[in-house]
Structure formats: structure tokens, C-alpha cells
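Okay, thanks everyone for coming.

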Amino acid sequence: MLTAIAGAAPVPMRASVVVLKVQDFTRRTVADQSRLKTKLEALVALAIQPLPAAERIVLETPDGVALVVLGAPQVALEAADSCQAGAADLPLCIGVNHGPVMPATDALRGPGLVGDGLAAGMTLANAATPGRLLASRSFREALGADAPGRAAELSSAGVFTDPNVRTHELFTFDRQAASTRRRRLIAWGTAAVIGILGAGIAARIALRKAEPPRPATIEFAITPRGDIFVDGVLRGRSPPLTQLELQPGPHTIEVRNNPHPPLKLEIDLGSAEAMTITHSFAGPKGFAKTAPRNKDAGDYIRDLRRQLGF
């Protein structure tokens, strides 16, 4: 913020200055001037909304408005770009500079600002044509220190000599370069996100594949009783045997109770899968029934993982 010491002259400070000039404003009719000034004020009001009140000063000029930005130069460029993009049929010439400004009081016009920052900004606006933004080297250098990427969007526009025979190196806002830069940033950001997600998915898949398979569980409900054979090997009688743990993969399960026909099942067990074999040898011909145990959410997830090859 601009400061002054009591009893002393105001202290100048460097700021970014955006001068918005309506071409041939003083030659227009009073009605036309009023209409254009109203449009310009609405445009400026929209552009300065993101700026804190303590970091901006809006000044009237004979043919437009000067916006003094006390914050980062990037903020000034964004405000100027907003005005340029929203000008539509408003013949707006924009000059952007970075230099010293300081408070001053005029006997007729009251308090205001003076300084080379303002003077050079008005010179650039006079050199610009409607719809064009011209920036000084001092502004580009200040922007480069604050946001190098944005400074790259200001391309050389030649040299201008003002009526006081002062030479100004000009830069203009290259909207195509800005658009290319934004697309590049978006592409980089998207690639980074995809890379992170891909790495995470690959890591999870690798972990799943690296996990040792967990035994599957088979529960038996055999009445009145039956001898349990797994892959041709007797594992016990059910009851009292009610549960077996087997390694995942294909197995042949056979339950025998002579003279009844045996129950023979070919199964393919997944890691940590659980199933129940229910069978009754009651009655003259016997009765066989197998039913999977009621599955919970974990069972369905394991089925899906097995189908996907995890």
C-alpha cells in the first residue's frame, strides 16, 4: 500500500498500471461518451472483483480508466486480459506498465497518483490500437520474476518512440501462446494424474499377485454319516468331521456310505473360498444335495477377483 510519513513527502513505490483508453473518446458526442464510459466502468468492475480492495486503485483519466495494482504483476495481467476479452464493440486500447507511483493532490481535481508508472502506461495505451494490449519491458521483467510462465505469453511487438523522444520496447499479449501454454499445462496435469493412478493400480495388481493363496474351506453336513475322500485320499468320517481346508484349485470330493451310491463332485476352489456340501444317505435310494454356503460381500469379491485372474 502507498505510504506517507507525517511531515514528509509521500514515499513512492513500484506498482503495475493498466491504462484502459477509449479510442477518440474526446471527439465523440456527450451521449456517446456517457454510453462508452458506462460500458468501460462495468468492464473494470468485473475485472477487479478478484482483487482485494487494499491492492487496487481505480483512477479516472481524460479518455478512460487507469487501474493501479499494488499486488503481483500477474494479477494486473489477468485484469487487463479480462478487460480485453470482454470489450466486445468497445474500442479499447490497453497499455500495461510497471513503475513508480506516488500520491499527489491537485488543486482542481483533488487527490490522485502521479509517477512514471502511470505516464508510461498512458503512453503505451496511446500507441495501442483497439483490441490490442501493449506492455512495457519493465512490466514483462516484473512479471517474469513473479510468474515466468505468464511472461512467456508476452511476445515482442517492436519499439515505439513517444512525442518526448523516449523509446519504449513494446510487448503484446499473445493469446495463442497463452492458449497453447494452458493446453500444455492441462495435458501435463492429465498425464500426471493418469500416471499416478496407473502406478497405484499396477502396484495393487502386483501386490495381489504376490499374495500367497489362502486355503479354501469346505464344510460338511452329511447324514447319517459318510467317509470323505479328497483326490482319492481318505480324510476322515463325517460326522464327526465337519470341516476341511484345501489348497485353491481343482479337486475331486467323494463321500461314501456303503451300500448307498457315493456322492462325487468335481470342484475348482478359489483362494479363501468357502463352500458347504450337504448330503443325506437316508432312504432306500439315498438322497444327495449340495448347496453353497450363503455368501457374504467378501465371497462375491473373491469370486470376482478369481474371474479376473487376481
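So, start with the face of helix H1 that points away from its buried side: the exposed residues there are Val30, Ala31 and Leu46. Keep in mind that this is a predicted model.

H1 itself covers residues 30-47, so to speak 18 residues in a row. From the first C-alpha to the last, the helix reaches 26 Å, close to the 26 Å expected at 1.5 Å a residue. Now, which residues of H1 are buried? That list reads Asp32, Leu36, Lys37, Leu40, Leu43, Val44 and Ala47. They sit on the same side of H1, because the arc they cover around the axis is only 125 degrees. And what covers them? Among the elements doing that are strand E3 (13-22), strand E4 (56-61), strand E5 (64-69), helix H2 (73-86) and strand E6 (92-106).

Side chains of opposite charge can pair when their charged atoms come close. Searching the whole structure turns up twelve salt bridges. Asp32 takes part in a salt bridge with Arg28, where the closest N and O atoms are 3.3 Å apart. The side chain of Asp32 also meets that of Arg35 in a salt bridge, at 2.5 Å, N to O. Arg35 and Asp32 are both in H1, three residues apart, which is about one turn of the helix.

How exposed are the partners? Asp32 has a relative accessible area of 18%, and since buried means under 20%, Asp32 counts as buried. Arg28 is partly exposed, at 26% relative accessibility. Arg35 is partly exposed too, with a relative accessible area of 40%. Through shared partners, the salt bridges join Arg28, Asp32 and Arg35 into one network.

One more pair from that search: Glu153 and Arg150 form a salt bridge, with the closest N and O atoms 2.9 Å apart. Here both Glu153 and Arg150 are buried.

Next stop, a glycine. Gly121 lies in helix H3, residues 116-127. Is Gly121 buried or exposed? Buried, with a relative accessible area of 0%. What does Gly121 touch, if we leave aside neighbours within four places in sequence? The contacts are Val19, Gly95 and Asn97. Take Asn97: Gly121 and Asn97 are 24 residues apart in sequence, yet their C-alpha atoms are 5.0 Å apart in space.

Last topic, a sheet. Four strands make an open sheet, in the order E13-E12-E15-E16, and the pairing is antiparallel. Which strands stand at the edges? Those are E13 (233-238) and E16 (260-269). Each has a single partner strand, so one side of each is left without a neighbour in the sheet. From one strand to the next, the twist averages 25 degrees.

Technical notes:
Residues numbered from 1 in each chain as written. Predicted model: local features only at pLDDT ≥ 70, side-chain atom pairs only at ≥ 80, totals over all residues. Heavy atoms only, no water. Helix = DSSP H or I, 4+ residues; strand = E, 2+ residues; numbered from the N terminus. Expected span 1.5 Å × (residues − 1). Buried < 20%, exposed > 50% of the residue type's maximum accessible area, 1.4 Å probe, protein only. Arc of directions from axis to C-beta. Contact = heavy atoms within 4.5 Å. Pairing = 2+ DSSP bridges. Axes fitted to C-alpha atoms, helices over the stretch in contact; angles between N-to-C directions. Salt bridge = Lys/Arg side-chain N within 4 Å of Asp/Glu carboxyl O.
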